[in-house]
Amino acid sequence: MTPGKKKLSYSYYPGCSLHASGREYDISTRALFKALNVGLKEVPDWFCCGATPAHNVDELLSLSLCAKNLSLADQVEGDLAVACAACFSRLKTTQHHLKEDATKRKQVEYAIDGPASLNKPVKHILEILAREYGLAKLEESVKKPLMGLKVAAYYGCLLTRPPEVPELDDCEDPSIMEDILRALGAEPVKWSHRMECCGANFTLSRPGVVLKLSNAILESARLAGADCIMVACPLCHGNLDIRQKEIKEAFGAPDSTLFGSIFGSDLPIANTSEDRRDLPIFYITQLAALAMGVASQSLGFESVIIDPKPLLRDKQLL
Amino acid sequence: MKNKLMHLSNETMNVGFVKKVEALSGSSVRRCFQCGKCSAGCPMSTFMEHPPNRIVRLLQLGQGQRVLAGRSIWYCASCETCTTRCPNKVDLAAIMDALRKLSWDADGPSKESYVQLANRLFIENIRTYGRQYELRLGAIFNMKSGQFLKDLMLGPKLISKGKLKMFHSKNRNIGEIEGIFKRIEEMRKKGEAL
């Protein structure tokens, strides 16, 4: 799909999180695309992509689930738009592996009882905004610039790694999020933890791990003077938003916490920072839609734990 | 296991295991020259008794059992930093996947049962419903791991925020998923797939 006279239109794979714990990502994605007059049609009857747990223990199952979803997506016209970083990574990985490995491809095609469709371009929302819709046009479409909003753009793991698979941006020094933020009128901050892991799906099995890793990310964003963090992954959002209060309790007063007594000295790191501000966590689509003038009521803000409205009011963006 | 002396001999070196890991991952462990970049960038290495570079070294020395007996493989977050930075193109993230699969197939002897349990429930959900049913995932995980109070305050909050659905309907094409699981099992039984 090339930008130009024809209206941009995509098939859409939301993924499980966007129908539940990341519902505001789905809501704001739809609202944003509507505001930009870009078509978005959900793939009917899609399945879970298997995410990290499937490839962790059974690669063939993971590849087969994604191949099945890619063939379902073939029924809908347009490149496949994906919002969740994990789904995006799995679908791209599947295409990459199966193109390179004829044996695996044969096994997968037997498993899904049909040909593996490897040629439908899979695109993350970020690249649709920055490259297909285009930064210049995006900037032109802004109705309410996000002036004065200092944002820590958080990439996490799967949007850029491993090299050659996601084809989204440089695997060590990406800039696509910052570019979009600048187009929206916001001010991206320079910070240290934009590519560090948040603990991802350990949120279920080992929440202590998530608390430690996500605390480091929040601390780094505060140190850089950010007002908020922007993400493009429902798992990152869950860990940084839903667990933020818990993180504060765990690391706010060292030694005296239940957390500290359970995990002993090897977990909590010394926390010298006085700054314990709440950091609202935004999805890229929420910030972009807000800048496009979409009413804040249609962006799912009621679903998040750290209320972003005081910050937005303070910056006169509400 | 960690502090025991390692004796290298024909008896303790299991080359067959390493070959299996290499076949599953499509990556050679022999390319590694122990620069340690993987462990330097690994966000989880502080939780592991064997950091990533040592896992590869142990594999080079045929010490598969030592690797599987530890918890390192279950603390890998699949963030792909190691694979991204390896100067010798060792796909360590894929090697970790392969090790977990071999441990999973043997049903132990890993110490890290919680992560295994979470993975198992996640995959069960796909087979039963087609998509994730997060409330069920969390509830059954807590029951089976005996942590009845874990995240107890979080559940009702997430339900009230609309982030957890109380009920979940199956995909209407759920039969196709069962077919995928069955055909993969069938290929493995016949020895046509790893």
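Across which strands of chain A does helix 7 lie? I looked this up at the outset, noting that the model is a predicted one.

**Entry 1: helix 7 and the sheet of chain A**

I found that helix 7 (residues 176-183) of chain A lies across strand 5, strand 6 and strand 7 (228-231) of chain A. Relative to strand 5 of chain A, helix 7 of chain A runs at about 160 degrees. I then traced the sheet itself: in chain A, four strands form an open sheet with parallel pairing, in the order 6-5-7-8. Strand 6 (187-188) and strand 8 (281-283) of chain A each have a single partner strand, so one side of each is left without a neighbour in the sheet. I recorded for the reader that strands of a sheet pair through backbone hydrogen bonds, either parallel or antiparallel.

I looked at one pair in detail. Strand 5 (residues 150-153) of chain A runs parallel to strand 6 of chain A and is joined to it by two bridges. Opposite Lys150(A) I located Glu187(A), in strand 6 of chain A.

**Entry 2: the contact of chains A and B**

I next listed the contact between the chains, to which chain A gives 42 residues and chain B gives 45 residues. On the chain A side, the elements that give two or more residues are helix 2 (51-57), helix 3 (59-73), helix 5 (102-111), helix 8 (202-205) and helix 9 (207-223). Helix 2 of chain A supplies the largest share of that side, six residues. By class, I read 23 nonpolar, 10 polar and nine charged residues on the side of chain A that touches chain B.

**Entry 3: a helix pair across the contact**

I examined helix 3 of chain A against helix 11 (residues 174-189) of chain B; the two pack at an angle of about 145 degrees, and their axes are 11 Å apart. Their crossing is right-handed. From helix 3 of chain A, Leu60(A), Leu61(A), Ser64(A) and Lys68(A) meet Glu176(B), Ile180(B) and Ile184(B) of helix 11 of chain B. I classed the residues of this helix contact as four nonpolar, one polar and two charged.

The domain assignment divides chain B into domain 1 (15-105) and domain 2 (113-189). I noted 28 Å between the C-alpha centres of these two domains of chain B.

Met48(B) sits in the loop between helix 2 (37-41) and helix 3 (52-60) of chain B. Leaving aside residues up to four places away in sequence, Met48(B) touches Ser72(B) and Tyr75(B). Leu164(B) lies 116 residues from Met48(B) along the chain, and their C-alpha atoms are separated by 32 Å.

Methods: Residues are numbered from 1 along each chain as its sequence is written. Chains are lettered from A and ligands numbered from 1 in the order in which they are written. This is a predicted model: local features need pLDDT of at least 70, side-chain atom pairs count only at pLDDT 80 or more; totals for chains, interfaces and linings use all residues. Domain bounds come from an automatic or database domain assignment. Two residues are in contact if their C-beta atoms, placed from the backbone, lie within 7 Å. Ala, Val, Leu, Ile, Met, Phe, Trp, Tyr, Cys and Pro count as nonpolar, Asp, Glu, Lys and Arg as charged, and the others, Gly among them, as polar. Two strands pair if DSSP finds at least two bridges between them. Axes are lines fitted to C-alpha atoms, for helices over the stretch in contact, and angles run from 0 to 180 degrees between N-to-C directions. A crossing is left-handed if the near helix is turned anticlockwise from the far one by less than a right angle, and right-handed if clockwise.
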